[in-house]
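Hi,

Here is the structure I promised to send over. Have a look at it first, and then read on for what I found.

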Amino acid sequence: MLFFYRLIINLIFLVSPIIIILRILKKKEDPKRFLEKIGKFDNKNKNNNLIWFHGSSVGEILSIIPLIEKLEKKDRVKKILITSNTLSSAKIIKKLKLKKIFHQFFPLDANFIVEKFLKHWKPKAVFFIDSEIWPNMVLRIKEKNIPLVLLNARITKKSFQKWNFINNFSKKIFNKFDLCLSQNNATSNYLKTLGAKNIKKIGNLKFSESSSDLKDRSNFKIKKSLKKKKIVFTAISTHKGEELMCAKVHANLKKKYKNIISIIIPRHIHRAEEIKDELNLIGLNVHLHSSNKLIKNDTDIYLVDTFGETKSFLKLSKIAFMGKSIHGYGGQNPIEAARLGNRIVHGPNIENFVEVYHFLKKHGISTKIKSYKELEKLVIKFKRKKNYSNQIIKKLAYTGNQILLNNEKEINKYI
């Protein structure tokens with residue numbers, strides 16, 4: 001199986017110039033840094049005493065920021081390399097005011113590029129985040145006797161079925177991890193079946209909060225723009241069909257309440273114009289966040305069409321609808337929205353976050369809906385509760401702090 005995997009990866013490398021050009025044209029690739037993915041690395045931050053974290057995209061990277069902030073304060077940690085696959089995650093990392101970290105794009109998992117990457121950076125310890133598992137990289141890391149940890153591990157049922165289909169190969173990969181820190185029981189069971197040896201369920205790092213979150217509870221520019229409006233709810237990571245559902249809720253509430261606004265943050269921001277046209281057709285006025293203009297008095301929907309600003313809106317909101325739960329499969333992670341004081345509303349499709357939603361439901365933080373009528377009733381109900389946000393924040397703060405401390409304790413063994 002490894003032979004076929006390496007054959008496929010090498011074929012991808014041969015056509016990678018075409019793939020990268022297409023991605024650059026679609027603005028999904030950095031035209032100045034794309035060579036990092038095929039073996040050209042930054043020399044300015046080279047250090048023989050660095051630790052390395054790798055996460056796929058924005059969500060994975062943001063989940064480890066509280067942990068990175070703690071590691072930055074340790075004298076024995078000189079440099080922290082963070083790699084990711086996406087342009088959006090690179091932009092997020094660039095905004096962080098942390099002195100020891102720097103970013104590179106994760107290289108293609110071709111054997112000769114992996115070898116070049118490891119020889120260049122010489123990481124003291126490696127931490128893969130969530131479900132980022134690359135066979136060639138894993139095998140090479142362990143050949144060099146570098147400690148390897150799967151951090152905040154999450155294996156979905158769909159992902160498990162794919163790995164389990166090639167079980168013998170999977171065991172050769174998963175048993176290379178020195179430690180797997182699991183988010184939930186399902187992941188722990190999947191990891192055990194796939195051959196992982198040292199598994200500890202600690203919980204989801206997304207419950208933790210970075211110090212920058214604590215210092216800045218709102219984005220003043222956005223708050224100033226919205227100060228004349230009453231926010232009804234924020235819809236996050238919505239998929240096609242869910243924006244229209246939320247818009248219908250707003251249209252009905254508009255008949256009962258004055259001066260209200262709803263915030264929609266689509267999963268794929270390139271759909272912004274399409275969404276705007278769709279909502280205009282039902283008589284709603286839409287303001288695009290990227291316009292950088294103050295909203296008009298008759299604005300109904302504030303459509304966020306930029307990366308990395310979800311937190312700023314959640315800090316101003318009290319109710320959050322989680323997308324991909326009505327239209328789509330698996331749902332989206334509600335932890336960040338809840339941690340920032342939002343009552344969570346979601347559809348029935350939450351297969352990828354069952355234990356998280358169970359935890360939130362147990363603490364009276366989340367509610368399931370099946371239609372826009374149910375969403376409308378819940379918005380009206382929770383709109384009246386004044387101090388509910390502070391109650392949610394307090395409930396989750398302790399949980400997040402314990403998870404963060406436990407992760408730090410385990411990681412200290414390898415740095």
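Let me start with Asp300, which is buried, with a relative accessible area of 2% (buried means under 20%, exposed over 50% and partly exposed in between, using a 1.4 Å probe and protein chains only). Please keep in mind that this is a predicted model, where local features need pLDDT of at least 70 and side-chain atom pairs count only at pLDDT 80 or more, while totals for chains, interfaces and linings use all residues. Residues are numbered from 1 along each chain as its sequence is written, and side-chain values use heavy atoms, with hydrogens and water left out.

What does Asp300 pair with? Its side chain meets that of Lys254 in a salt bridge, 3.1 Å from N to O (a side-chain nitrogen of Lys or Arg within 4 Å of a carboxyl oxygen of Asp or Glu). Asp300 sits in the loop between strand S10 (286-288) and strand S11 (301-303), and Lys254 in the loop between helix H11 (242-253) and strand S9 (260-266), so the pair ties together parts that are 46 residues apart in sequence. Helices (H or I, at least four residues) and strands (E, at least two) are DSSP runs, numbered from the N terminus. Lys254 is partly exposed, at 39% relative accessible area.

By the same rule, the count comes to 17 salt bridges. Another of them joins Asp178 and Lys142, with the closest N and O atoms 2.7 Å apart. This pair links distant parts of the chain, 36 residues apart: Asp178 is in the loop between helix H7 (167-174) and strand S6 (179-182), and Lys142 is in helix H5 (residues 135-143). Here Lys142 is buried, at 18%, and Asp178 is partly exposed, at 27%. Lys413 and Glu410 also meet through their side chains, at 3.1 Å from N to O; Lys413 is exposed at 53%, whereas Glu410 is buried at 10%. Finally, Glu115, Arg140, Glu143 and Lys144 are linked in a network of salt bridges.

Now for some helix packing. The axes of helix H2 (residues 58-72) and helix H3 (residues 87-95) come within 8 Å and cross at roughly 25° (axes are lines fitted to C-alpha atoms, for helices over the stretch in contact, and angles run from 0 to 180 degrees between N-to-C directions). H2 and H3 are therefore roughly parallel to each other, a label for angles under 35 degrees. Val58, Ile61 and Leu62 of H2 meet Ser88, Ser89, Ile92 and Ile93 of H3, where contact means heavy atoms within 4.5 Å.

Helix H4 (residues 111-121) is worth a look as well. Its buried residues are Asn111, Ile113, Val114, Phe117, Leu118, His120 and Trp121. The elements that cover them include helix H1 (2-25), strand S1 (50-54), strand S2 (79-84), strand S3 (101-105) and H5. Lys122 follows H4 and has a positive phi, near 50°.

As for the whole chain, there are 17 helices and 14 strands, and buried residues make up 54% of the 415 residues. Among contacts between residues at least 6 apart in sequence, 68% join residues at least 24 apart. The C-alpha atoms fill a box of roughly 65 × 45 × 45 Å along the principal axes.

Best wishes

Conventions: Angles under 35 degrees count as roughly parallel, over 145 as roughly antiparallel, 65 to 115 as roughly perpendicular and the rest as oblique.
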